[in-house]
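Have the structure open while you read.

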Amino acid sequence: MKEITCVVTGGGHVGLHALKEIGQAMRKAGKPFRLILIDPKPFYVQKVLLFQPVARAEKIALAWEEVLPERVERIQGELVTIESQEKRIFFRDAEKKEQSLDYDLLVITVGSVVKRPDPEQGGISLHDLSASEEIRTKWRRHLQKAVNEQDPAERKRLLSVAVAGAGISGVETSAELAQAMRSEAARLGMDPALVRVFLINAEERLMMNGPKKLGRKLEAKLNNLGVTVLHQRKALYEKDGKLVLSDGTQLSAGFTIWTLGLEPHPVLRQCQLPLTLEGKVKVDASYRVSGKSAIYSIGDCAHVIDPENGKADGMTCKEGILQAKRLGEVIKADLKKKPAPIHRRCRNFFCISLGQKEGLVWAEYCGIDWILAGKIGRFIRKWTWKKASNVK
């Protein structure tokens, strides 16, 4: 029986879950297989935890052995393009040399990248681990300067930080940062209440895709931690110690952290795949890439539509993990030439971390909004992080 070579491109949380589910599907189908991951990083980074090193020295980079399923070969390489008719992909290896690899099945899980502001807008974009560490170094240095600063206005600026973008990443970053900065201020002999963290939200309230009471409760929790939320305003640019907002307001802040959300990985535009205008891969209800044989795509880089309501899946862990689980069943059915399952949306819920001790969980069930906060919310959030990263 011919061995099936399945290549998965992209080792984020969706890629990891896809590898696990595909391996199980192959075994259940009784097929000999070779499962290969291609990813450019020498180690796995828990991207969902990028906000943690902003506040404190935290290990969020893991050895691949800690997260990869069994029987997975790993190639350190960056996807270049795909030749779908020849069933071949091209990639640059760790030495930047272009290589090729033939496949029988290909799964595109290159995911997304963080939207970054134009360089002239200033500030620091929270897009990778080095940015997290740069932010931590900067606010700690500012607090140390503030101890001996005699000018009240400058001292106020050094004790202030703005977070531009109020999605889950912005909320979790601002909460963690306010808690850490207040703790450090107290250690340095300053009044923690002098620390100010501004969260800039373009919408009229937090969590617009949840109920109003969720937004109110979340904002109250943030206020208690020392975060001030400014609604219906966008951050434009940072200059000379001021962050200029769309309504003309100028905030005095030590610096700005940009958390502007996600966009599909730009490598997709050079892979000769059918894409939406925003750059996501077009797939059918069973995650097969439109017009391409033996290619599938899930996660942030795929345009996955719910057949029932016609809405696209979001770009969060919960959607990607469920897509990966269903993809395993799809591939098993396709190998056996049987009808494959189709996509189903996941239940509406959010998990949000609020510093080191609290969290907030919202779920919609049976028409009722369920909200859990405090330590239990934090416990559930930590469980979702571990689940997303497939930590053994």
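Predicted model: local features only at pLDDT ≥ 70, side-chain atom pairs only at ≥ 80, totals over all residues.

Residues are numbered from 1 along each chain as its sequence is written, and side-chain values use heavy atoms, with hydrogens and water left out.

Let's start inside. A nonpolar core here is a set of buried Ala, Val, Leu, Ile, Met, Phe, Trp, Tyr and Cys residues joined through side-chain atoms within 4.5 Å. Buried means under 20% relative accessible area, exposed over 50%, and partly exposed in between (1.4 Å probe, protein chains only). The largest core has 51 residues, and Ile22, Ile82, Ile89, Ile108, Leu273 and Leu327 touch the most other members. Elements supplying at least two residues each include strand 1 (4–9), strand 5 (72–83) and helix 7 (317–335). Helix 1 gives the most, with six residues. Helices (H or I, at least four residues) and strands (E, at least two) are DSSP runs, numbered from the N terminus.

Take Leu273: beyond its neighbours within four places in sequence, Leu273 is in contact (heavy atoms within 4.5 Å) with Ile82, Ile108, Leu268, Val281, Val289, Lys292 and Ile295. Apart from this core lies another, of 46 residues, with Leu158, Leu177, Val195 and Leu360 among them.

His13 sits in helix 1 and counts as buried, at 17% relative accessibility.

Now for charges. Side chains of opposite charge can pair when their charged atoms come close. With a salt bridge taken as a side-chain nitrogen of Lys or Arg within 4 Å of a carboxyl oxygen of Asp or Glu, the count comes to 19. Here are some of them:

| Salt bridge | N to O distance |
|---|---|
| Arg34 and Glu73 | 2.8 Å |
| Arg288 and Asp284 | 3.1 Å |
| Arg288 and Asp334 | 3.0 Å |

Arg288 is in the loop between strand 19 (281–282) and strand 20, and Asp334 is in helix 7, so this pair ties together parts 46 residues apart in sequence. Asp334 is partly exposed at 22% relative accessibility. Arg34 in strand 2 and Glu73 in strand 5 are 39 residues apart, linking distant parts of the chain. Arg34 is partly exposed, at 30% relative accessibility, and Glu73 is partly exposed too, at 34%.
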